[in-house]
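Here is a short briefing on charge pairs, nonpolar packing and annotated segments. Keep the structure open while you read.

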Amino acid sequence: MQLYLPIAELPVNMFMIFGMGAAVGFLSGLFGVGGGFLLTPLLVFSGIQPAVAVATVTSQIVASSASGALAYWRRKSIDWKLALFLLAGGVVGTVFGVLVFRLLRTIGQLDVVIGLCYVVFLGGIGMLMVVESVRFMLAQRGATPPEPRKLRQHSWIHGLPFKVRFQRSRLYISAIPILALGVFIGFLGTLLGIGGGFIMVPALIYLLKVPTTVVIGTSLVQILGTMAVATVLQAYSNQSVDAVLALILMVGGVIGAQFGAQVGSRLRGEQLRALLGLLILAVGVRFAVDLVITPQEPFSLAPLVSGAAP
Amino acid sequence: MRALQAAIVLAGAILACIPAARAETLVVATSTGTVNIASNFSGTDITVFGSIERDRATVSRASEYQIAVQVFGPGETVVTRRKQRGFGVWVNRDSRTYVDVPSFYAALTTGTIDQIGPPETLRRFQVGLEHLILPERSTGSPDDPAPGDPDFRAGFLRLKLHAGLYRELPGAVTFLSPTLFRATIPLPANVPVGQFRIQVGLFQEGVSLAQHTSAVVVSKTGFEQFMFDLAFTRPLLYGLGTVVLALLTGWFAGIIFRRD
């Protein structure tokens, strides 16, 4: 069934978009990630302008992280104080993200920057995850206890000033790395149309030593808040959020996520992590190929975006 | 003296009228004056009917009439960029800005475009993609290609053709009788919104005998128009509304699929 999108200004097959939302939702439920890094490229691939795709997926992430955060809230596994600190940084990062997004669109370099960021971050994180989980599985098979990774205590983090106590996470650390992480994820998430959970979760665990029980819930609250701010800012300064497209993706996404979560509970943790790593790596490689091979059509058209500030 | 002046003006006016009275005139009607884009829009057609009116004084001519129906969409300013390899990666480098070019263009003709007339005539009435005027503006950067760069023009036209927004349809104007003709203009699903100019030209032996211009408005209606207006005139409200919609969807899903 064809449906005309008012902002993207083209008709799409409603069931195809719904299916995309559901498929990505399934994977996000399975792996416990937002799935924005899959959904944005899929939309661009199906003919929606990158600017509209990025901004619209931002609002879809609000819906999927809201339903996730709600579940963790019921289980009381959210560190609200930590989430608030991350969110404060996230909002700042989002503002920068929208500004840079607009600037890059004006000078016509948005696509290549998005491509490069996907290659660097997805490629890097995907590679790390695959290597980590393969090493873990090999260690288990060899019956040698997994080498207790000598975590160098990250003394530089603990030496930073402005220490804050986070009771829920049993942490007493400086606010600087938390805010910095929030800024970074907010900036990147807004620019790339992703939630950034796949960067946030490892960072919280390995860098800040947040207990795994509260990591996902806390990161979901941060993503929810950041992406909500990003949606409003994108709508306000770029007019590129398509609410009709967003609604179809949201409904597909939240339904798919439920089934994904059910399947995910039956798989082993390290297997899931290896699969997710491969998936992230694959998307990164796909973007790398697009950047490197000779394009069939070297020309591209874009409407003139005035350089004036919003 | 004044009477003489008046007489000269009158005589001049009569003289000026004579060729017009002797030539053909065009009477044109379009099937619709407005095209409405609703949620189920997936492209449409506009049919143009025309009649060649002749009076007794019209000299009968041996060769056939040629009709060109041209559709110009609302003007838009488009940046055309070319990718080049830099540090192993393909990056947009030089660009040309086409100013106020038609966002949509279609040329429907009775025969081929060459049959309409010589290149001068085609250029004058912008018949065919080859003769479309594309005003350019440079970004001022010294790296930019020279104005009128044929590669950029070809790239621009190729992308527009590929998107179905520029078309040449030779043979799409059909004569129902020696003086009555019809043309069906296909508008694709991604048609731009705004005022379209439909220019019908009557040619014979490479000479324009008559031109007629009419307008068709393409606009979104109802819900589509409402959403579009909201997004552009009340962007803050639109953004907040989208977030509320997302929160409600997420919350609702959380309730429906609650597993405990």
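Is Glu9(A) buried, partly exposed or exposed? Glu9(A) counts as partly exposed, because its relative accessibility is 31%. The model is predicted.

**Salt bridges between chains**

- Side chains of opposite charge can pair when their charged atoms come close.
- Over all chains, the count is seven salt bridges.
- One of them pairs Glu9(A) with Lys220(B), at 2.8 Å from N to O.
- Lys220(B) sits in strand S13 (residues 207-220) of chain B, while Glu9(A) sits in the loop between strand S1 (2-5) and strand S2 (10-13) of chain A, so this pair joins two chains.
- Lys220(B) counts as buried, because its relative accessibility is 4% and the cut-off for buried is under 20%.
- Another salt bridge links Arg158(B) and Glu297(A), with the closest N and O atoms 2.8 Å apart.
- Arg158(B) belongs to helix H3 (residues 150-162) of chain B, and Glu297(A) to the loop between H11 and strand S5 (299-303) of chain A, so here too the pair joins two chains.
- Arg158(B) is partly exposed, with 39% relative accessible area.
- Glu297(A) is also partly exposed, at 23%.

**Salt bridges within a chain**

- Arg286(A) and Asp290(A) form a salt bridge through their side chains, at 3.2 Å from N to O.
- Both residues lie in helix H11 (residues 269-292) of chain A; they are four residues apart, so about one helical turn separates them.
- Arg286(A) counts as partly exposed, at 44% relative accessibility.
- Asp290(A) counts as partly exposed as well, at 42%.
- In chain B, a network of salt bridges links Arg82(B), Asp94(B) and Asp151(B).

**Nonpolar cores**

- The largest nonpolar core has 84 residues.
- Which residues touch the most other members of this core? They are Phe37(A), Leu43(A), Ile48(A), Tyr118(A), Phe198(A) and Tyr238(B).
- Helix H3 (residues 50-74) of chain A supplies the largest share of this core, ten residues.
- Tyr118(A) has contacts beyond its neighbours within four places in sequence, among them Phe37(A), Pro41(A), Leu192(A), Ile194(A) and Phe287(A).
- Gly36(A), Thr40(A), Gly123(A), Val283(A) and Gly284(A) are also among the contacts of Tyr118(A).
- A second, separate core has 54 residues, including Ile46(B), Val101(B), Val127(B) and Leu134(B).

**Surface patch**

- A nonpolar surface patch is formed by Val244(B), Leu248(B), Trp251(B), Phe252(B), Ile255(B) and Ile256(B).
- Together these residues have about 610 Å² of accessible area.
- Trp251(B) is in helix H5 (residues 235-256) of chain B.
- Trp251(B) counts as partly exposed, at 45% relative accessibility.

**Segments from the record**

- An unreviewed UniProt entry lists "transmembrane region" for several segments of chain A, including residues 12-39, 51-73, 82-104, 110-131 and 175-208.
- The entry's list for chain A also includes residues 214-236, 243-261 and 273-293.
- What does the chain look like over residues 82-104 of chain A? The segment is 100% helix and 0% strand, with its end C-alpha atoms 32 Å apart.
- Residues 175-208 of chain A are 85% helix and 0% strand, and their end C-alpha atoms are 11 Å apart.

Technical notes:
Residues are numbered from 1 along each chain as its sequence is written. Chains are lettered from A and ligands numbered from 1 in the order in which they are written. This is a predicted model: local features need pLDDT of at least 70, side-chain atom pairs count only at pLDDT 80 or more; totals for chains, interfaces and linings use all residues. Side-chain values use heavy atoms; hydrogens and water are left out. A salt bridge is a side-chain nitrogen of Lys or Arg within 4 Å of a carboxyl oxygen of Asp or Glu. Buried means under 20% relative accessible area, exposed over 50%, partly exposed in between (1.4 Å probe, protein chains only). A nonpolar core is a set of buried Ala, Val, Leu, Ile, Met, Phe, Trp, Tyr and Cys residues joined through side-chain atoms within 4.5 Å. Contact means heavy atoms within 4.5 Å. Patches are made of residues with over 30% relative accessible area and no salt bridge: like charges are joined within 9 Å, nonpolar side chains (Val, Leu, Ile, Met, Phe, Trp, Tyr) within 5 Å. Accessible areas come from the Shrake-Rupley method with a 1.4 Å probe; for residues, only the protein chains shown count as cover. UniProt positions are given in the numbering used here, feature names are shortened, and annotations may be inferred rather than shown by experiment.
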